[in-house]
Amino acid sequence: VTKAGDLHEQLERAWRTPPGWRALSGVNHSSIGLRFIVTGFVFFLLAGVLAMLLRAQLATPGGEVLDAAQYNAAFTLHGTVMMFFFAVPIMEGFAVYLVPKMLGARDLVFPRLSAFGYWCYVLGGTLLLSSLLVGTPPDAGWFMYTPLSSTPYSGAGADFWLLGVTFAEISAVAAAIELIVTILRARAPGMSLQKMPAFAWYVLVTAIMIVFAFPPLILGSILLEVERAFGLPFFDPARGGDPLLWQHLFWLFGHPEVYIIFLPAAGIVSTIVPTFARRPLDGYELVVLAVIGTGFLSFGLWVHHMFTTGLPLVSLGFFAAASMAVAIPSGIQVFAWIATLWNGRPVRGVPLLFVLGFLFIFVLGGLTGVMLAFVPFDWQAHDSHFVVAHLHYVLFGGMVFPLFAGLYYWLPLVAGRVSEASGRVVFWLVFVGFNLTFLPMHLTGLLGMPRRVYTYDDYVGWGLLNLVSTVGGFVTAIGVAAFLVDLLAHLRYGRKAQPDVWQAGTLEWSLPHPVPSYNFAAQAAVDARDPLWADPGLPRRLAGGEGFLGRAQGERREMLLTSAVEARPQLVLVLPGNTWVPLVAALCVGLFFLGFLLKAWWLASAGAAASLLVFLAWAWTNGAPATAADDTEAAPGQRLPHHYATDSPPGRDGLAWTLAADGALYSSLVFAFLFLWTVRPGWLPEEALGGGLASLAAAACLLASSLAAWAGARAAQRGQAARRWLAWGAAIGLGLAWCGLETAAVFGSGVAARDHAYGALVHALWVAALLHVALAILMAAFLLARCVSGHAGPSRPGEIRIVVLFWHYAVALGLVNLVLLRGLPWLGAAA
Amino acid sequence: MGPAAAAIARAWWVMAGGASLILALVCALGLWAVYRNPDRRKAPAPRLLIIGGGLVFPAVALTALLAWGLVLMAQAAPGRPALQVQLVAHQWWWEVRYPAAAGAQRTGTNELRIPAGRPVLVHLSSRDVIHSFWVPRLAGKMDVIPGHQRRLVIEAAQPGRFRGQCAEFCGAQHALMVLWVVAVPADEFDRWLAGADAAAEPR
């Protein structure tokens, strides 16, 4: 056995996902990424079957394939499953699988979090689809507009939707945080941001968008579920709420969502085009700027889904301008791809064919998008089949075609085999079928056919166009079936792939096909954007263990972390191995959701308590005691500290991004309060919570607790045990005092939660702040225990920094609450 | 067709023509870039192509389009036409209330009678969930949202029957929530509203 073979075996033993049913305890990013992709594809097929039912029903006037209730449930589930359970998760699956390999890393930085996210996704999808088994599927549309989705008009189906989708969104946010921290901290040494593969830029921007875009919908779903379960009126116009609040929260999520789906797909295109053009991406900097620009602009477009709601013309004009402006970054990317191909010497292949199909369909979808940004045209086309056609051009063309391109392109990494020309058949079937379905549908919409109608009369003259669309839909379905056949044939009979089968330049192609579980036998240092084109000898050297961490350390999983901008080697991360904790945690969270669904509050409480315990157990296994080695040799002659011995472990970045998501969630709640206050005259009741001495005392408690936490953290870092106990004790006491004061203020005011949206929001804000402060107190107690056990202290500063950061954050929320609920109304009354 | 719908239709044809040209051009460039023998074509300056095609051209075209759209929007702002009717949306039908004349108020169901050639201000409100008022051949649509009052001006240039349909998904029988707008000669409408012309009762 050679030395390289030895190393390979030892690393494989440390990193592999166990066989059989124990594979469910696997946390390796390749396993998790593939699971996301396969599960996402299964959801794609399910939602596709629903689409075929819809098309069959609409094929002729007065169709009788489905009745009204079945049709409404089918289109609701089709949209919901495609958006939340196919498009976002499968793209995250691609990112989870590819990003570490492209960055030259061995795994993502929080492997257990990716596994947890996967299980939340699977359980959320199961919960949603179980509504079909009990015969109450959601049927209020994937956009769930209130009041149709509220209590008198929707049954349990709406609860299935709200809980299932929220469960899955936890997964999206978890994966996003993980990808951000990995991209910023785990790149190969020398891979500065300017040398990062374009795909990683796309994923980074997408993940940051998820962190800020998903919370508004999560908040909206929580409020709607609370309105349905407990009668707190957030959206009920008769009690101070507003249906438009739901629309704002939904589209604050919903428009970024479109780009969250599109950008990773465009990242696939920006990866495949240079490979097939045999030259680096032209205009790399412009493309990166365009992607960042898209990310920003996408948050300023949401009102273009609300052009017909009667909003003031001034705001319509603003959002029309933003909606048109977002075409520019897309244009830059399109011309960068064309320029790269034009300047290169393109070789042909199935992935490039799908890219060309994408180009046609996506540009057409973009152009009809510009038309819809032309407000008066939108007044006609909105909620007609024209929009159905447009959105499928953007999403199916913009995302599914690159998805197929990516599947054919990266399959050799997974299967070790290379695709044959049969992929062309798949392409032509899907391409022709898709256009046959949706090109005529523009016209159907312009002839006046609204969306979401289960039937139409003969005399309106929409029959022929609908029949053509249905035929096209079935051709598309045959194309997808052909893909499945092709995939199985590929896995079974495909030609064995040579290493770097496409002669690409990015690091994932330096790996043997199929890829080993640890990715890199040694981690590379790079100094070019396409490292394999710059240094063709790199794969051989890495396989031989030349580079960083080119060694095995028993069962221990090690990988290198680098600085965020320049990617200088910083520390060695010791990763957890396979564990059942993520699955158990997701199941406990699932119990909470199930309890909510069944209105079995004991079950929901038990689920919440069990989740908390599992998360505490999870946290307890982090880090290392003070007796463990502080540093290690990362490369010959270069010693680096272990992550647990520094004050900037990846967990701190993880917390910072979690707080960004949580802050977005809380801001959405603040937005709800300010929105209703602003749009509904006389909304704030006379007997609003007062300012007064009690609120000053509450503010003083909060500020003093932050001071005490700061002192406690300092004492812990200096190893001063007595001061540490004293200061944290004071912080906890002050936190508890604030909880008491706030609770007394809310209950003492007599503001009722169910009578009016104001009271409902007072209670929501109070609960939100209370939960944060309670969690901060729990974390402080946990930290004290960790100090005693030696996992936190002078040589283990990371967790101290994490707890104190969360403490200050919770205090900030409490202060915002005071300003919002007491300060502003007091100012308003005084003015 | 009504004047508002006609203006939008004109805009559609202009945009459809422009979009087809752009689509053809981009696809031609893409095919040229992939399939033309690289030895027999000149390489472009990438930056010029990217900035010219992706930034300058769309910026100019979109600015012009935006300006036109804003002008059209301003024209669509509801004025104060003399005739105002109330339209109340229910799951799944439309209730029509005409202005009271001579003590009696005409009402109707799923049929809105208007005078041809005269703008009519429709006040929209909902009794239950969100609906949307849409008569494609007369004007764009306007959502009808519980807790909000909305207004839309419609006008039919000629007498005729114009089909309208709820455009916001509103529950089980959303597909059947149809409304007919019947435009009759103005003098006939006036007589009918005043209750003088029994022959003009809704059919």
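A salt bridge is a side-chain nitrogen of Lys or Arg within 4 Å of a carboxyl oxygen of Asp or Glu. This is a predicted model, where local features need pLDDT of at least 70, side-chain atom pairs count only at pLDDT 80 or more, and totals for chains, interfaces and linings use all residues. Residues are numbered from 1 along each chain as its sequence is written, chains are lettered from A and ligands numbered from 1 in the order in which they are written, and side-chain values use heavy atoms, with hydrogens and water left out.

**View 1. A salt bridge between Asp39(B) and Arg345(A)**. The two side chains meet at 3.0 Å, N to O. Across the interface of chain A and chain B the rule finds two salt bridges. Over all chains the count is 23.

**View 2. The interface of chain A and chain B**. Here 82 residues of chain A are in contact (heavy atoms within 4.5 Å) with 75 residues of chain B. About 6,500 Å² is buried between the chains, and carbon and sulfur atoms give 73% of this area. Buried area is the accessible area (1.4 Å probe) that two parts lose on being put together, summed over both. Between the chains, 19 residue pairs are in polar contact, both residues at pLDDT 80 or more. A polar contact is a pair of N or O atoms within 3.5 Å; within protein, one must be able to donate a hydrogen and the other to accept it, and residues adjacent in sequence count only if both atoms are side-chain atoms. On the side of chain A that touches chain B, H10(A) gives the largest share, twelve residues. Helices are DSSP runs (H or I, at least four residues), numbered from the N terminus.

**View 3. Salt bridges around Glu225(A)**. Asp159(A), Glu225(A), Arg228(A) and Lys599(A) are joined into one network by salt bridges that share partners. Asp159(A) pairs with Arg228(A) at 2.8 Å, N to O. Asp159(A) sits in helix H5 (residues 156–185) and Arg228(A) in helix H6, 69 residues apart. Lys599(A) meets Glu225(A) at 3.6 Å, N to O. Lys599(A) lies in the loop between helix H18 (581–597) and helix H19 (601–620), 374 residues from Glu225(A). Glu225(A) is buried, with a relative accessible area of 4%, whereas Lys599(A) is partly exposed at 32%. Buried means under 20% relative accessible area, exposed over 50%, partly exposed in between (1.4 Å probe, protein chains only).

**View 4. The salt bridge of Asp242(A) and Arg680(A)**. Their closest N and O atoms are 3.7 Å apart. Asp242(A) is buried at 0% relative accessibility. Arg680(A) is buried too, at 16%.

**View 5. His304(A) in the loop between H8 and H9**. His304(A) counts as buried, at 17% relative accessibility. Leaving out residues up to four places away in sequence, His304(A) touches His255(A), Ser323(A) and Asp378(A). The side chains of His304(A) and His255(A) are joined by a polar contact of 3.1 Å.

**View 6. Ile154(B) in the largest nonpolar core**. This core holds 341 residues, and Ile154(B) is among those that touch the most other members. A nonpolar core is a set of buried Ala, Val, Leu, Ile, Met, Phe, Trp, Tyr and Cys residues joined through side-chain atoms within 4.5 Å. Beyond four places in sequence, the contacts of Ile154(B) include Leu112(B), Val120(B) and Phe133(B).

Terms used. Helix = DSSP H or I, 4+ residues; strand = E, 2+ residues; numbered from the N terminus.
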